[in-house]
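Here are some notes to go with the model you're about to open.

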Amino acid sequence: DLPHGIPGTVEELESIVKETFEVDGKFTLHYKDADFGEEYFSLTSTGDIKDKDTLKVVQIIEPPTITLTFSDVDSSFKSASETLVNASAISETSVSETSSVSCGTSCSSGSQDTVILSSPEHLSRRFQRWPTNFSVPRFAYDTELLLASGNETFKKDGTKLNFTPLLPDILEKLAETIFQYVAYPTSAQLADVAKALVQQHPCLKEPGSYNGCYGWQQRLKYKMGNYRSKLRGLGCPELDVNSLKRKQAHEKTPSKNLKKPRKAEVNYLPPHPQGETEESLEKERLELPDEVKKRNNYRIISEKMAKTFSNRRQEVVNLAPPVNDFRSRWPALFDAAQVILLHNL
């Protein structure tokens, strides 16, 4: 009942509704519009209503407050990377896959209540970008003792250490650390490592070098080549793809047409999961098209996609198939759920 008639403003009417019906919180009023099939529309003027019209009270739910905390780029990136590893990151969110095969369409997806995490075998050793300040690793115990003694002597009288007996251990440890970031380091990256080495161990500075570490940079360059050859012989897929036996006749030179990750790519070419073979993974791939046709089958699809990630990456890197062919072989990759996972990384 409105003893004084319909008020002149919507705010006054909202106030009357709030007091009469003891409505808590914010709300808006909707009215039936006869010109649009008696559908409800937001009330913007009391002139749109008349006696005995029906109004709907629609409560307004406030969105949650989101607080953003900013921190140093390097430390936050490292923390996020470690969290990704510890949680066994979703293999389908690999940046390398999105950069190799682009998707323009998506299919319908099922339930997304459960996220399938990949097993550690799917993960590459590389989880973070090249550091701003390279951290020199710890060497063998006897090497560290000799370096500590050499640094003390260098501080006293400037005598440099005869590091020839220590070269194998130093170069091996540095190569292992470099490989955790990149398999094919640039000259600038090797210069960063050499500079960090002589800064931490000044007794390793070289006489006659313009910066005291140019010789170390050259040693690291050749050491990384030997280290890659060793890993290639052990079956590392990321390096085996660049072996001469896999190249065409006109490209059989070590530095010709190298296949390596682009900037920001991860999980570039991981090995197959433990216990899996090309045949077993191909069997999983053949089952995927039938699983995609089923409704609410998100979990099984995600499990199979995570399991066959290494097989899919080898196909992309080695064969570089057209998108249409790739889509026909891997329809689940173009499913909306998979696209969302890629987008959320």
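**Notes on the model**

1. Let's start with a pocket. Helix H1 gives the most to the lining of the second largest pocket, with 5 residues. Helices here are DSSP runs of H or I with at least four residues, strands are runs of E with at least two, and both are numbered from the N terminus. Before going further: this is a predicted model, where local features need pLDDT of at least 70, side-chain atom pairs count only at pLDDT 80 or more, and totals for chains, interfaces and linings use all residues. Residues are numbered from 1 along each chain as its sequence is written, and side-chain values use heavy atoms, with hydrogens and water left out.

2. Back to that second largest pocket, which is lined by 16 residues. Besides H1 (10–21), strand E3 (55–59) is an element that gives two or more residues to this lining. Nearest the pocket's centre lie Asp1, Leu2, Leu13, Asp53 and Leu55. The volume comes out at about 450 Å³. For the method: on a 1 Å grid over the protein atoms alone, a pocket is an open set of points with protein on both sides within 12 Å along at least five of seven lines, whereas a cavity is a set where a 1.4 Å probe fits but cannot get out; lining residues have an atom within 4 Å of a point. Grid points are joined across faces, edges and corners, and the volume is the space filled by probe spheres set on them.

3. What is the class make-up of the lining of the second largest pocket? There are 10 nonpolar, 1 polar and 5 charged residues.

4. Two strands pair if DSSP finds at least two bridges between them.

5. Strand by strand, E1 (residues 27–33) joins E2 (residues 39–42) through 4 bridges. Tyr31 stands opposite Phe41 in E2, and the bridge partner of Lys32 is Tyr40, also in E2. E1 and E2 make a hairpin with 5 residues between them, and Gly37 in the turn has a positive phi of about 65 degrees. E1 and E3 pair over 5 bridges; there, Leu29 stands opposite Val57 and His30 opposite Lys56. Since 5 of the 7 residues of E1 are buried, the strand is largely enclosed by the rest of the structure. Buried means under 20% relative accessible area, exposed over 50%, and partly exposed in between (1.4 Å probe, protein chains only).

6. Two backbone angles are worth a look. Most residues other than glycine have a negative phi. Glu22 is not a glycine, yet has a positive phi of about 55 degrees; this residue is in the loop between H1 and E1 and is exposed at 66% relative accessibility. Asn296 also has a positive phi, near 50 degrees. Asn296 lies in the loop between helix H9 (278–293) and helix H10 (298–307), and counts as exposed at 60%.

7. Gly25 is in the loop between H1 and E1 as well, partly exposed with a relative accessible area of 47%. Gly25 and Gln59 are 34 residues apart in sequence, and their C-alpha atoms are 7.3 Å apart in space.

8. Leu220, in helix H7 (residues 214–233), is buried at 1% relative accessibility.

9. How many disulfides does a search of the whole structure find? The count is 0, taking a disulfide as a pair of cysteine sulfur atoms within 2.5 Å. As for cysteines, Cys203 is buried with a relative accessible area of 0%, and Cys213 is buried at 3%.

Note on methods: Ala, Val, Leu, Ile, Met, Phe, Trp, Tyr, Cys and Pro count as nonpolar, Asp, Glu, Lys and Arg as charged, and the others, Gly among them, as polar.
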